[in-house]
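Please walk me through this structure in plain terms, beginning with the ligand site and moving on to the strands and the loops.

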Amino acid sequence: MGTRDTVRPNPATVAPGEDVEVPKNRLPDASMAAETAYRLVHDEAMLDGNARLNLATFVGTWMDDHANRLYVESADKNMIDKDEYPQTAEIENRCVSMLADLWNAPDPARAIGTSTIGSSEACMLGGLALKRRWQHARREAGLSTDKPNLILSSAVQVCWEKFCNYFEVEPRYVPVSDDHRLLDGHDLASYVDENTIGVVAIMGVTYTGSYEPVQEIAAALDVIAHDTGHDVPIHVDGASGAMVAPFCRPDLVWDFGIERVASINTSGHKYGLVYPGVGWIVWRDLEALPEDLIFRVSYLGGDMPTFALNFSRPGAQVLMQYYLFLRLGFDGYREVQQTSLDVAAYLSEAIGQMDAFELWSDGTDIPVFAWRLRDGHTTNWTLYDLSDRLRMKGWLVPAYPLPDDLTDVVVQRIVVRNGFSRDLASALLDDLRAEVAYLDKLDGPIPHAAETTPFHH
Ligand SMILES: Cc1ncc(COP(=O)(O)O)c(C=O)c1O
């Protein structure tokens, strides 16, 4: 059992003669048998939730046995050791080229990009490239570089707030509102000035799953460039959507087909379908990534350009990404993503039909959707209560307020991922209906603690 400060394995699983009770927060003095240590860690990790029932995360929770084999075989590879693992480096480049092609780079051979640890690092790199390009242009013109700003929807993922904070760029948030639920180019001219390094467009807003209309944003920026001379590039944060839209919405114009789009990121570990630990960023051409941001590492006796915040990071994820690119191809990705979209449509339709709810989005962009409590339905319970009730049955379905200027709207969201089958969706609907019926029968309001833990997207 152990105590608050120590951990003690089940006597049935310790090695003969071994009597271990070790501190939880201090390095134990002595060693223990590998099997005993394994049991301890394994049993503790079991207390984590069941990843397949986690409808809050966008991140991959299942890969097939061949990917699992590759993972074990390549767990020791360090992505930065390009000289030691030249083939992994080569495979990374192939993945970048495939993505550049998928995202309609004018000349995929001239596009440049890298794998990252996830979209957050990729977004930081995208933001840094925008900032550095702007600095170069300003210095060349003999102008000040003191006050860079970046224009974003108030619904951006927290990584962009971090970027602005860590790299000292003023964030100019365009609030979402009932009339403009997405950044759509409306009123953009009042945010842009000579110090604007770029605009972020989100393909698959984290809160709702909806695509921001990149083409409309670009059109608004074209008008601004014409009227003021401020020629502002776009970074597309396609953390989820850049691996969904090319397959399921081939007619949607959002990528390098729009000249203003300088760079695009995605999370290999979201709809790229790999386990946590890989993101991607691609710039449309060499001009979009200033040379002075690039570092060179040793590679096959020569040197290789790298642009990253991390030095060491796992190489296995890149190999698994390449495995999936080969294994699934375009058709396979389309089938997997369309299946998730179909499950999202099935769920959102059923939820939208329930008296208690009103859909906020319907899961037709990325397979993610949100709903709110219908006005006037009840004052006895909230979506936070429903989230708690569902958690008792193992489902993680978070509730949270929307960002500025819609903070009085609380929504609940489901992220449908590969592996969340229609059968599981039916089981979820049964539980959801049962819990709503239970809550609707309450004869008074559920008391709430003063403070709740905020949900982090
Ligand atoms: C739109 C968007 N951008 C960036 C991120 C951060 O991605 P990662 O978790 O891969 O760092 C997320 C994560 O949900 C996201 O939804």
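Helix H4 (residues 119-140) supplies 3 residues to the shell around the ligand, the largest share. Helices, meaning DSSP runs of H or I with at least four residues, and strands, meaning runs of E with at least two, are numbered from the N terminus. The model is a predicted one, in which local features need pLDDT of at least 70 and side-chain atom pairs count only at pLDDT 80 or more, while totals for chains, interfaces and linings use all residues. Residue numbers start from 1 along each chain as its sequence is written.

In total, 16 residues surround the ligand, and the closest are Gly 118, Ser 119, Ser 120, Gln 157 and Ala 239. A residue is near a molecule or strand if its C-beta atom, placed from the backbone, lies within 6 Å of it. By type, the shell holds 5 nonpolar, 10 polar and 1 charged residues. In this division Ala, Val, Leu, Ile, Met, Phe, Trp, Tyr, Cys and Pro count as nonpolar, Asp, Glu, Lys and Arg as charged, and the others, Gly among them, as polar.

H4 itself has 22 residues and spans 31 Å from its first C-alpha to its last, close to the 32 Å expected; the expected span is 1.5 Å times one less than the number of residues. Just after H4, Gly 142 has a positive phi of about 70°.

Strand E9 (residues 279-283) has 5 of its 5 residues buried, so the rest of the structure largely encloses it. Here buried means that 20 or more other C-beta atoms lie within 10 Å of the residue's own, exposed means 12 or fewer, and partly exposed lies in between, with C-beta atoms placed from the backbone. Gly 279, Ile 281 and Trp 283 cover one side of E9, and Trp 280 and Val 282 the other. Two strands pair if DSSP finds at least two bridges between them. E9 is joined to strand E3 (residues 112-116) by 5 bridges in the antiparallel sense, with Ser 115 as the bridge partner of Trp 280. Strand E8 (residues 261-267) also pairs antiparallel with E9 over 5 bridges, and Ser 263 stands opposite Trp 283.

Most residues other than glycine have a negative phi, and most peptide bonds are trans. Leu 273, in the loop between E8 and E9, has a positive phi near 75°. Leu 273 counts as buried because it has 26 C-beta neighbours inside 10 Å. Asn 104, in the loop between helix H3 (86-102) and E3, has a positive phi of about 60°. With 17 C-beta neighbours inside 10 Å, Asn 104 counts as partly exposed.

Another sheet is open and antiparallel, with 4 strands in the order E12-E13-E15-E14. Its edge strands, E12 (357-359) and E14 (399-401), each pair on one side only. The twist averages 40° from one strand to the next, where axes are lines fitted to C-alpha atoms, for helices over the stretch in contact, and angles run from 0 to 180 degrees between N-to-C directions. Strands E13 (residues 368-373) and E15 (residues 410-415) are paired over 5 bridges, and Val 368 has Val 415 as its bridge partner. Helix H9 (residues 383-392) lies across E13, E14 and E15, at about 35° to E15; contact means C-beta atoms, placed from the backbone, within 7 Å. In the loop between E14 and E15 lies Asp 405, and the peptide bond to Asp 405 from Asp 404 is cis, with omega near -5°.

Terms used. Contact = placed C-beta atoms within 7 Å.
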